[in-house]
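Me: I would like to learn how to read a structure of this kind, step by step. Could you take me through some features?

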Amino acid sequence: MTGATDNLNTLMGQSLAGDQRAYAALLREISRLLRPFLANRLSFTNEVDDLLQEILISIHKARHTYDGNRPCKPWIYAIAKFRLQDHLRAHYSDQLHHADDLSEWEDYLHGDVTGTAISYESISGEVEKLPEKQATILRLMHQEGYTAKQVAEMIGMKESAVKVAAHRAYKVLREKLER
Amino acid sequence: MGNIDELINKLAQDSTAVKRASHPFLLGSEWMVAALIYLAVALLLSGARHDLWLELHKPWFVAELAALAGILICTSLSAALLSYPDLHQKRSIAFSPIAAFVLFVLVMLFAWRADNPPAPLPVHSFECTLSISLVSLLPAAWTFHVMRKFASTHSRWAGGIACLFAFSVGALWLRLYEQNDSIMHVIRWHYLPMAGAGIAGMWLGKRVLKW
């Protein structure tokens, strides 16, 4: 662990001096370091890749603020956390912006589950292919009949987060069913 | 994954030797010296209050000036640290203005209690806020301009602290210029608006210090 940190500090020092190969190696090392950090906090792989690119660009822009006399990792993680917060803020504000769409979808799905056109059972195969969290939420809401609030309490999430996850799942399902 | 490799290669090709940013303490000290020179020039142009020598013998007036100078010192160092993504790993110093403000509030509280019988309120009011704002404009613009060259990850705090730094310069100038002993007046028209400027700075920081 100390070896890896020393390596980062050394690479950073060489990069600041203008060594392009050391800089490429440093950015690769940072990507390797940050990928699991982001993957634990984001649902989709493409989100992780997009955000990782943004973070690398930010590190590139801010590299003059690192002087080589203090540990490098806290500096890297400060930038990564900052960009992650930005990303999550934008993501959730976008989801709230589409809150009307969500309620429309909920009405639509409630109607269809009890109606004859599409039942939960008829699409349960597709539901099970969704990420585990989304599949659980849809199963609890549409097979077992719990409300979003009850599901949130059961799985320890916020009600808004449950609705957002359900909304994402509805979107994926709609795309699959329309094909 | 391919995109990441492409990006890394592109960034590496674009990279050259980088001039490292100054140490935050050096940067903060530069801001302090610039603020003191600005304050001296402003006082030279406006003139100091006629009873300044007498006032400097009053302990609560001196304590008020010292506490205000404490805010100026803490906010300049803090603004410099907040310009760095990791606060230069000196988090406790970055939030030192909180302690300086607590001290300042205490000093003002004691000065207010000591103002007995209360000194008469001057006839003017918002003109003081306006004067402080005008004098603070240049230091605020300069500080924001310099901070934009860095990479703050606490843009709200950084903006708020930068505005407080600039307003502490303006507040010091007015206290040394205006012939007024009413503590109620200075709290109401000098220092409360200064707190308001800090809040406005948070709003401004979010927009101006974006990178």
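Reply: Chain A and chain B bury about 2,800 Å² between them, of which carbon and sulfur atoms give 63%. This is a predicted model, in which local features need pLDDT of at least 70 and side-chain atom pairs pLDDT 80 or more, while totals for chains, interfaces and linings use all residues. Residues are numbered from 1 along each chain as its sequence is written, chains are lettered from A and ligands numbered from 1 in the order written, and side-chain values use heavy atoms, without hydrogens or water.

Me: What does the area buried between chain A and chain B stand for, and which residues of chain A lose the most?

Reply: The size of an interface is often given as the accessible area lost when the parts come together; here the loss is taken with a 1.4 Å probe and summed over both parts. In chain A, the most area is lost by His64(A), Arg70(A) and Phe82(A), together 19% of what that side buries.

Me: Is Thr153(B) buried or exposed?

Reply: Thr153(B) counts as buried because its relative accessibility is 12%, where buried means under 20%, exposed over 50% and partly exposed in between, with a 1.4 Å probe and protein chains only. A polar atom of its side chain lies 2.7 Å from the backbone oxygen of Pro85(B). Leaving aside neighbours within four places in sequence, Thr153(B) is in contact (heavy atoms within 4.5 Å) with residues including Ala78(A), Phe82(A) and Trp211(B).

How values were computed
Polar contact = N/O pair within 3.5 Å; in protein donor to acceptor, adjacent residues only side chain to side chain. Buried area = accessible area lost by both parts, 1.4 Å probe.
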